[in-house]
Amino acid sequence: MGANYNLLISFTAGMGGLLFGYEIGVIGQVLALDAFVSRFGTDDPNNNAWVASMFQFGCVFGAAVFSVLADTLGRKRSILVSGITFAVGGALQAGANAIALLLVGRAVSGFAIGIASMVVPVYLAETAPAATRGTITTIYQLMITFGILIASIVNTIIIDNTGGSNGSKDYPWRIAMGAQIVPSVLLVILVAFIPYSPRWLAEKKRHDEGLETIAKLRGHTTSDQGVIDEYSLIRANAEADAAVGNASWGELFSGSNGRRVGIAMVNQALQQLTGINIILYFGPYLYKNLGFNAKTSNEIMPIVFNIVNFTKGLTLEEIGEVFGDKPVRNMEAAVLKPSSNFMVSASR
């Protein structure tokens, strides 16, 4: 049972990544629909930018809030809140008739994804066996790229069967926006079948539940010595952290911690500055400026790009397992990231 149960947990938690990817994949093609542009005035670059960026603002706020609340509510409940909130955001976007409500919906969806991006990797790390923890925690990133791909396929089917990108009806983009609710509802349902994090249970001194959870995750009984030893280590670490007390923000940015945090922040910032988000959010405009017609720009090229994006993620994960993370990062920096900059520059 352990293997199948871990698969269910990984898939359920990874759905948080799929929601992130689905939201990104949806908006890029919707922004280029004539009916959407007419409804919300997104031919104005300012309006266009606000529609894309409100989601990011929500993400920042959601991640910040649940960096604290996740310890109180637990990882499982936090993921549940993320799924419910994302469904609300999708409904607001699908039903919007004015740009103000659309922006609220974008921010609410972003808040939900901020929660997921904060909590899901932690939950996966705390439930995974030590031997496969690194591989399992990459599921979140892979599910993001998979969600982007699925959204572009669903969008293309909707657009192609409702009059194309130049149609004057609102219902194609409303259907596309509303389709986000489906994976969020699936996530909410699946969360009912996953356990609380053993680490969180140890922090809350719910040790019997913690031991039972580890036993279920590993496919053994609570009397198994391996299960007892693993939970004893989790409990000891939780108690040691509690004895030390809460760390200050100053500790996070000082000494060796500061160096590690700085490297991570710079790495993430440089990744965003490569231009990849411009392609994901405004790809159809870029493809059109490169000379492709409306159908190719908004229906075919997004799928092609997202297939490459998802396949790249799978390939680099395997390379990372063999050679380590650093060569993969160097490869991305030397080959993949400059290609994004070249594409953005060439479309001007």
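Start with helices H11 and H12: H11 passes H12 in a right-handed crossing. Keep in mind that this model is predicted.

**Stop 1: the H11/H12 pair**

Select residues 207–218 for helix H11 and residues 225–244 for helix H12. The two pack with their axes 9 Å apart, at an angle of about 135°. That angle makes H11 oblique to H12.

**Stop 2**

Now show the side chains of Glu 230 and Arg 218. They meet in a salt bridge, 2.7 Å from N to O. Glu 230 belongs to helix H12 and Arg 218 to helix H11, so this pair ties together parts that are 12 residues apart in sequence. Are the two partners buried or exposed? Glu 230 is partly exposed, at 24% relative accessible area. Arg 218 counts as buried, because its relative accessibility is 17% and the limit for buried is under 20%.

**Stop 3: Arg 206 and Glu 209**

Go to Arg 206 and select Glu 209 with it. Their side chains form a salt bridge of 2.9 Å, N to O. Arg 206 is partly exposed at 26% relative accessibility. Glu 209 is partly exposed too, at 33%.

**Stop 4: within H12**

Return to helix H12 and pick Arg 235 and Glu 239. Both residues lie in this helix, four residues apart, or about one turn. A salt bridge joins them, with the closest N and O atoms 3.0 Å apart. Glu 239 is partly exposed, with a relative accessible area of 38%. Arg 235 is also partly exposed, at 35%.

Next, select Arg 39, Asp 170 and Arg 174. Salt bridges with shared partners join these three into one network. The structure holds 12 salt bridges.

**Stop 5: Ile 158**

Move to helix H7, residues 139–160, and find Ile 158 there. Ile 158 counts as buried, with 13% relative accessibility. Ile 158 and Ile 175 are 17 residues apart along the chain, and 7.7 Å separates their C-alpha atoms.

**Stop 6: a nonpolar surface patch**

Finish at Trp 249, in helix H13, which covers residues 249–252. Trp 249 is exposed, with a relative accessible area of 66%. Which residues form the nonpolar patch with Trp 249? Select Leu 252, Phe 253 and Met 265. Together with Trp 249 they have about 490 Å² of accessible area.

Notes:
Residues numbered from 1 in each chain as written. Predicted model: local features only at pLDDT ≥ 70, side-chain atom pairs only at ≥ 80, totals over all residues. Heavy atoms only, no water. Patch = residues over 30% accessible without salt bridge, like charges linked within 9 Å, V, L, I, M, F, W, Y side chains within 5 Å. Areas by Shrake-Rupley, 256 points an atom, 1.4 Å probe, with all protein chains shown as cover. Salt bridge = Lys/Arg side-chain N within 4 Å of Asp/Glu carboxyl O. Buried < 20%, exposed > 50% of the residue type's maximum accessible area, 1.4 Å probe, protein only. Axes fitted to C-alpha atoms, helices over the stretch in contact; angles between N-to-C directions. Parallel < 35°, antiparallel > 145°, perpendicular 65-115°, else oblique. Left-handed = near helix turned anticlockwise from the far one by under 90°.
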